[in-house]
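The model is shown first.

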Amino acid sequence: MMDPRSNGQKIRVAICGGGIGGLCLAVSLSKHSNVDVQLYEAAGQFKEIGAGVMIWFRTWKILEKMGLADEFSKIAHAPPTGMTGKPKHLSEPELALTIEDLICHRKCIRFHRAQFLDVFVNNLPTGVAHFGKRLSTYTYETSSISEHDKLIKLHFADGTSSICDVLVGADGIKSCIRTQMYERAARLKHDSGLLGYIHPIWTGTMAYRGLIDVNVIPKGKDGTLHRAIRDPIMYCGKSKHVVSYSIAQGDIVNVVTFASDPKKHGQPYAGEWVVECPKEELLSCYAKWEPEVEQLLQCIEKPTKWAIHHLQPLPFYHAERVVLMGDAAHAMAPHQGAGAGQAIEDAFILAGLLKEATLDDIPAVLDAHERVRLPMANSILTGSYEAGTMYEFDSKYGDDYETLGPALQHLWDWIARTTLEEELESALELASIGKPPNSAKT
Ligand SMILES: Cc1cc2nc3c(=O)[nH]c(=O)nc-3n(C[C@H](O)[C@H](O)[C@H](O)COP(=O)(O)OP(=O)(O)OC[C@H]3O[C@@H](n4cnc5c(N)ncnc54)[C@H](O)[C@@H]3O)c2cc1C
């Protein structure tokens with residue numbers, strides 16, 4: 001039955017969560033005349049932690065398409081480049097190993113997170129964002145127009161509510177929307193196994209993060225700049241690795257270090273996921289690593305410590321007009337620098353599908369989005385965890401560079417396997433947007 005509101009009525013899209021994913025989608029949808037987009041953020045303002053974020057060239061193409069390339073270029077560092085390593089010291093087992101040629105030479109672009117988020121914030125029209133709106137639950141209401149049409153009612157922690165046609169869960173790794181969607185599906189499908197997808201899993205890895213002003217990093221004896229200032233670099237050792245790259249047009253070096261116990265993958269993690277930690281703890285974790293690593297870590301004044309969690313690959317991303325995106329759908333370990341990029345890809349495909357859609361198209365739109373995005377994002381989720389075990393010589397390849405190198409390269413194939421244009425095209429084809437009812441929708 002044709003929904004009368006399809007006739008010229010806007011699709012009301014509510015996005016819960018104003019991180020990179022939710023904001024990117026809100027900016028994209030705010031340009032669509034057939035969509036009324038509202039963004040609800042639990043916090044009192046948009047915010048990102050002080051750290052770096054890197055994106056790959058395929059994500060950059062989306063930002064270009066959004067007309068934001070100039071603004072992002074101004075805050076980018078550096079021009080698209082690749083990660084590099086230095087020759088290994090296999091003869092010195094007490095030292096951390098550094099490696100050459102294991103990491104892909106694909107193009108990545110680095111940013112300060114707060115600056116990155118600000119570009120989206122600055123491009124969001126006024127009136128779209130609502131702060132202090134923590135979603136508690138959503139319910140389904142029957143519309144006064146059609147008995148068959150379900151409206152979604154959002155209930156916020158401050159006692160207010162709102163109505164929408166499509167709810168987007170962009171509420172991060174601990175998503176309350178994922179919880180409700182999977183609890184409801186488990187009930188309706190009599191499948192208690194679905195409850196197992198709700199809670200994130202600890203990867204067994206702890207990360208330490210810090211930002212360093214380039215001017216405080218000591219120069220080498222011959223006056224050379226520290227390697228971390230010159231190139232993005234990864235130092236690898238048994239069950240540990242250290243990544244650094246410069247951001248903020250070269251003014252700041254972003255450092256993130258990882259220490260893993262693979263046996264603890266999947267075990268419960270007690271305590272806060274993110275805490276401040278004493279500098280001594282960071283230094284002792286990497287004691288006896290190469291002097292240039294120690295030099296770098298010595299410069300981090302206030303490190304933070306993160307328990308790295310990820311999701312099990314979800315079997316579905318949408319149900320009954322509610323769709324998950326970003327970390328709510330596929331939170332992944334950061335070992336391929338891909339979580340934010342994948343959130344942006346979700347936004348690109350969803351916004352592209354909604355551009356020409358009417359209310360009648362919503363089920364097909366969400367199906368097509370899932371069919372294109374789920375296999376890709378879930379496989380990067382799995383690959384990101386595997387990549388971490390490879391960098392730390394804990395995978396089946398151990399430290400056999402002959403096999404480790406190609407295996408690692410293979411994990412990065414997704415960056416160039418498809419283009420976003422091709423993916424949007426196949427999503428539009430799957431959704432058959434604009435075609436007569438029942439012509440191709442499945
Ligand atoms: C150490 C580390 C390094 C990383 N490095 C990279 C990198 O280099 N490149 C990369 O691509 N990715 C990286 N990532 C991953 C990336 O940070 C995330 O994938 C990305 O930020 C997720 O964005 P999001 O918008 O989905 O979620 P989030 O950024 O978590 O945003 C969720 C938003 O929802 C809000 N919210 C939560 N609950 C509610 C509610 N009930 N109602 C309303 N609002 C709510 C929150 O306040 C928040 O603003 C890294 C992650 C880590 C941990």
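## Helix packing and ligand contacts

H2 crosses H10 in a left-handed sense (left-handed if the near helix is turned anticlockwise from the far one by less than a right angle, right-handed if clockwise). The model is predicted, with local features needing pLDDT of at least 70 and side-chain atom pairs pLDDT 80 or more, while totals for chains, interfaces and linings use all residues. Residues are numbered from 1 along each chain as its sequence is written, and side-chain values use heavy atoms, without hydrogens and water.

Helix H2 spans residues 57-65 and helix H10 residues 339-354; their axes lie 9 Å apart at an angle of about 45 degrees. Arg58, Thr59, Ile62 and Lys65 of H2 touch Gly341, Ile344, Glu345 and Phe348 of H10, contact meaning heavy atoms within 4.5 Å. These residues comprise three nonpolar, two polar and three charged.

Helix H11 (residues 362-391) and helix H14 (residues 420-431) have axes that come within 8 Å and cross at roughly 140 degrees. Their crossing is right-handed. Contact residues include Ala364 and Arg371 of H11 and Glu423 and Leu430 of H14.

Around the ligand there are 28 residues, of which Glu41, Met54, Arg113, Asp327 and Ala340 come nearest (a residue counts if one of its heavy atoms lies within 4 Å).

| Residue | Ligand atom | Distance |
|---|---|---|
| Isoleucine 20 | oxygen | 3.2 Å |
| Glycine 21 | oxygen | 2.9 Å |
| Alanine 42 | nitrogen | 3.2 Å |

Key. Axes fitted to C-alpha atoms, helices over the stretch in contact; angles between N-to-C directions. Helix = DSSP H or I, 4+ residues; strand = E, 2+ residues; numbered from the N terminus. Nonpolar A, V, L, I, M, F, W, Y, C, P; charged D, E, K, R; others polar. Polar contact = N/O pair within 3.5 Å; in protein donor to acceptor, adjacent residues only side chain to side chain.
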